[in-house]
Amino acid sequence: MDCASCSARVEKAVSSLKGVEICAVSLLTNSMTVTGDVTAEQVIKAVERIGYGASLMPDSATTVAQKERGKIDRNAKWLVARVVLSAVILVVLMYLSMGHNMAGFPLGAMESNPLAIACTQMALALVVMVLNGKFFVNGVKGVIHGAPNMDTLVALGSFASFGYSIYVTAMIGVAQNAGDVASAHANLHELYFESAGMILALITVGKMLEARAKGKTTSALEGLLGLAPKTATIFRDGVEVVVDVSAVVVGDLFVVRPGDQIPVDGEVIDGHSAVNESALTGESIPAEKEVGDKVSAGTLNTSGYLKCVATRVGEDTTLSQIIRMVSDASATKAPIAKLADKVAGVFVPVVLAIALVVFVVWASVTKQVGFALIRAISVLVISCPCALGLATPVAIMVGTGRGAKMNVLFKTATSLEQAGKVEIVALDKTGTITEGRPQVVGLYPAKNVCERDLLMMAYSLEQMSEHPLAKAIVKKGEDEKVAPANVTDFEAHVGNGLTARADNHFYVGGNRKFVSNYATIDDDMDKVATRLAQEGKTPLYFVCDGVLQGIIAVADTVKKDAVSAIEQLHKLGVKVVMLTGDNEVTARAIATEVGIDEVVAGVLPDGKEKEIKSLMQKGKVAMVGDGINDALALTVADVGIAIGAGADVAIDAADIVVVGDQLGSVPKAIKLSRDTLRVIKENLFWAFFYNVISIPIAAGVFVPFGVSLSPMIGAIAMSMSDVCVVGNALRLNLAGKLNKKEDADTNGTLSCSCDNTNCSCCDNDHNEHHHNDEHCDCGCNEICDTNYETKENKSMEKTMKIGGMMCPHCEARVRKTLEAMDGVVSAVVSHANGTAVVTFDSPATVDAMKKAVEDQGYPVLEIK
């Protein structure tokens, strides 16, 4: 397929097959997706009947992408060769035609032989036509199968110039043989051999530039392909062997050393390390991996030794699913492309008809066949169905690729288009706005009870439970190095609490209603519990031998980027609603904290569907959830966005999948969609505007006003129209980004890089000003026009020598302690070397780091 008319013809032919429900043909990727009760053989035969070839895509998304990349590269190389060879020949041809006829360049002995000049031009033009014979082959095929295309227009324009010039050459020969050399020389001006060759060469140049630009649209896919490991080190008969990654099967044991990529998805069975998963999740800080944790193909092992068992291989790995999703989305069509497809389907026949009318009219008016022919040829070569065909798919390709770089996966072009129209975003609370991992946020012991004793009792009781709140208390106990008591007679009272015995004591823990059966709860403790509930925290009561020991507050903490993400949604003009099964008090406390507009609390998963439908009465709705409990709501909403998908990127219910759990990806996805829609509309406007304006000019409508256009200029214009459309789409590689201040809310704190610390007018702190766009808070006109920079750009690094670290668990404890501190960007800890290399952004952080590490029981021996 070479143009939009080709793809429209293929789509029409396949859509007419019985049983086909949906057929989407992509000119950009030369691919077609067919849905319905039809066999591949039937589809292939339908395509072949209209003169095109087709074959079933292999199952491997990676293989498909690599083949397409290789095809683009080979095509680009051949195009370059054709352009170079054509240019060399055309230099000579132009010298003979325009150089001699218009500028009087010398030709030596040939000057006296007009027929020799004409025949030489003909031979040179013929060579150029043979080099670019693809236009003629495809053009003729299109006509034979009743589907003329862009190549038909180009071939017809070039052949008409060549054919008319042959006729003129014959007239030159007749005049020269009759001894009328003057007439023969005069007829040289009627030759258009250079137009025949130049049209083909210039359009080939355009095709070459277009191919190079198209290559850039697949840069995101290439980046993903670059992540795919080539080999894996596995155990065979107890011996380590290096094999091709395709040879790994589920259940194989493989090892990953520091600096190696993880070859397939797996589960750690031995070892401890930090794995850089930024390529998949966007999280810059390496994730700690130990026994039982999942690892994904394409991620990088940064420190320790890992031994894993393969759980997903080949096309089932997370990376392969992402590649498949990006590739498939690029091959689908957006609804906005329908008008362009309809126009492209009839474009070439209409242009042919216009060219014929132009020729007849001008031949009748001027009585000059040459002039009429030039006008008709100009119409043929300036008309551009390609710009119409490429307007949408190139933007979709770049947009989906850009989304993949931002860890936002659009499943289809429709989802990319619809996301930009969203007016309301409904957010699930747990795991979307909050971390989804409850943490202990406060200890409130009763009188005469210390915090450590309260935590020890709670830890001892909760260690037997599997409840998420229990796990939060157990983690707190482990972090504080509390020694739990051995309990007996443990009993879980579902929905209420726990009871157990330890060291001749009777422990009780749970909610107020349950615990009040075992002890008296005083008013002071009730006031504490009420305040905690109003703050969105869950109070857990603990009793020992009938006496209240205190309350432990557990809360699911809000994600770090939640506030900034919701601010960004507001700036995009989107209303934000929270849908949650939690109680009203807790839900409103979190909503107030993050700035949500509306709260719908106490909604069970099956009730969210009704709420989404209600919201859809007010505008386009996007539902954001985890893709599991929210599957029905994701399906019902105009756009379903699954966040926190991790390895499960192929969530069926979602239209868009966010790899990782950054809520900030949601406004970025909406902004990217709007940017993509804007580019598509710009491209469509340009494609229609170009043809509406250029065809009348080429037809000679403005000749009475002294405005005309030669076929060569038409060929240049046609080629550049394609390049402009592709180039405009490439601007999307800069899209999806919010402004610098908004990006910084997630990626780092912004500070001005100028030397002025105070406003000269009011001495206010300069960093409190709104730099670059607004004035100082005092109302003066002072603005800092210096670019922002992140504090990370001014970061410092220190190496701490630490004693007492004996194992990976010690290493992880020190790393987590350091990275939890304000001002610390990252910490690379090695228990083997007894060091911690810390990156931070404030000199005042050094003493605090030393104290924090030593508070964990590890002496800091040296800092340098």
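A crossing of two helices is left-handed if the near helix is turned anticlockwise from the far one by less than a right angle, and right-handed if clockwise. The exercises below concern a predicted model, in which local features need pLDDT of at least 70, side-chain atom pairs count only at pLDDT 80 or more, and totals for chains, interfaces and linings use all residues. Residues are numbered from 1 along each chain as its sequence is written, and side-chain values use heavy atoms, with hydrogens and water left out.

**Exercise 1.** Describe the packing of helix H4 against H6.

Solution.
1. Helices (H or I, at least four residues) and strands (E, at least two) are DSSP runs, numbered from the N terminus. H4 covers residues 114–131, and H6 covers residues 150–177.
2. Axes are lines fitted to C-alpha atoms, for helices over the stretch in contact, with angles from 0 to 180 degrees between N-to-C directions. The axes of H4 and H6 come within 9 Å and cross at roughly 160 degrees.
3. H4 and H6 are therefore roughly antiparallel to each other, a term for angles over 145 degrees.
4. The crossing in which H4 passes H6 is left-handed.
5. Contact means heavy atoms within 4.5 Å. On H4 the contact residues include Leu115, Ala118 and Cys119, and on H6 they include Ser158, Phe162 and Thr169.
6. By class, this contact of H4 with H6 has 11 nonpolar, four polar and no charged residues. Ala, Val, Leu, Ile, Met, Phe, Trp, Tyr, Cys and Pro count as nonpolar, Asp, Glu, Lys and Arg as charged, and the others, Gly among them, as polar.

**Exercise 2.** Determine whether threonine 169 is buried or exposed, and list its contacts.

Solution.
1. Threonine 169 is found in helix H6.
2. Its relative accessible area is 7%, so threonine 169 is buried (under 20% relative accessible area; exposed is over 50%, partly exposed in between; 1.4 Å probe, protein chains only).
3. Leaving aside neighbours within four places in sequence, threonine 169 is in contact with Leu115, Ala118, Cys119, Leu191 and Phe193.

**Exercise 3.** Characterise the crossing of H5 and H6.

Solution.
1. The axes of H5 (residues 134–144) and H6 come within 7 Å, at a crossing angle of roughly 115 degrees.
2. H5 passes H6 in a left-handed crossing.
3. Among the residues in contact are Phe135, Phe136 and Val143 of H5, with Val154, Ala155 and Phe159 of H6.
4. Seven nonpolar, four polar and two charged residues form the contact of H5 with H6.

Technical notes. Parallel < 35°, antiparallel > 145°, perpendicular 65-115°, else oblique.
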